[in-house]
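User: I am new to reading protein models. Could you take me through this one, feature by feature?

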Amino acid sequence: MAFVRVCDIEELWVGEMCGFDVQGQPVLIVHYADQRLAAYDGRCPHQHARLADGEFVGGHIICAAHRWEFDAATGQGVNPRSCRLRPHTVRVNDGAVEVELETAAMHSGVGA
Ligand code: FES
């Protein structure tokens, strides 16, 4: 599976998250710290609400539907702890944020 360009890194500032349609799949990209990005399946593991409609606060992704929280860096559930977001590989290549859908790596630094 090849990497697919989703946006320019300048479009996703530190502290922001955004949802994208990548080859027909919803993907959430979060720029959770300086030079650190993570990509996850864009649907909440609870009842499949769009995670992009939620909030990114204090390092946590918060689903808008029922307030489940996830660690933005790892995808691990915070409340409840028994859940986890499904990760995709993300990288920055020549200023573009790119995602690879079929791999399981969790996150990547800019330029990795
Ligand atoms: S759908 Fe996300 S918390 Fe219920």
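Analyst: Start with one residue and its contacts. Two residues are in contact if their C-beta atoms, placed from the backbone, lie within 7 Å. Leaving aside residues up to four places away in sequence, histidine 60 touches Glu69, Phe70, Asp71, Ala72 and Val78. A word on the source: this is a predicted model, where local features need pLDDT of at least 70, side-chain atom pairs count only at pLDDT 80 or more, and totals for chains, interfaces and linings use all residues. Residues are numbered from 1 along each chain as its sequence is written.

User: How far apart are histidine 60 and phenylalanine 70 in sequence and in space?

Analyst: They are 10 residues apart in sequence. In space, their C-alpha atoms are 5.4 Å apart.

User: Which strand holds histidine 60?

Analyst: Strands (E, at least two residues) and helices (H or I, at least four) are DSSP runs, numbered from the N terminus. Histidine 60 sits in strand S6, residues 60-62.

User: Is histidine 60 buried, exposed or partly exposed?

Analyst: Count the other C-beta atoms within 10 Å of the residue's own, all placed from the backbone: 20 or more is buried, 12 or fewer is exposed, in between is partly exposed. Histidine 60 has 17, so it is partly exposed.

User: Which strands make up the protein, and how many helices are there?

Analyst: There are 11 strands and 0 helices. Along the sequence the pattern reads β-β-β-β-β-β-β-β-β-β-β.

User: In what sense do S2 and S3 pair?

Analyst: Two strands pair if DSSP finds at least two bridges between them. Strand S2 (residues 17-22) and strand S3 (residues 25-33) pair in the antiparallel sense, over 6 bridges. Glycine 19 stands opposite leucine 28 of S3. The two strands form a hairpin with 2 residues between them.

User: What does S3 do with S4?

Analyst: S3 and strand S4 (residues 36-41) are also antiparallel, over 5 bridges. Here valine 27 faces aspartate 41 in S4. Again there is a hairpin, with 2 residues between the strands.

User: What should I look for in backbone angles?

Analyst: Most residues other than glycine have a negative phi, and most peptide bonds are trans. Now look for exceptions. In the S2-S3 turn, glutamine 23 has a positive phi of about 50°. In the S3-S4 turn, glutamine 35 has a positive phi of about 65°.

User: Where does arginine 67 lie, and what is its phi?

Analyst: Arginine 67 lies in the loop between S6 and strand S7 (69-71). Its phi is near 70°, a positive value. Arginine 67 counts as exposed because it has 11 C-beta neighbours inside 10 Å.

User: What about aspartate 94: where is it, and is it buried or exposed?

Analyst: Aspartate 94 is in the loop between S9 and strand S10 (96-100). It has 9 other C-beta atoms within 10 Å, so it is exposed. Its phi is positive too, near 55°.

User: Which peptide bond is cis?

Analyst: The bond from asparagine 79 to proline 80 is cis, with omega near 5°. Proline 80 lies in the loop between strand S8 (77-79) and strand S9 (87-93).

User: How do I judge the overall shape?

Analyst: For 112 residues, a compact globule would have a value near 13 Å, and the protein has 13 Å, which agrees. The C-alpha trace spans about 35 × 25 × 20 Å along its principal axes. Buried residues make up 28% of the 112.

Key: Rg over C-alpha atoms; globule rule 2.2 N^0.38 Å.
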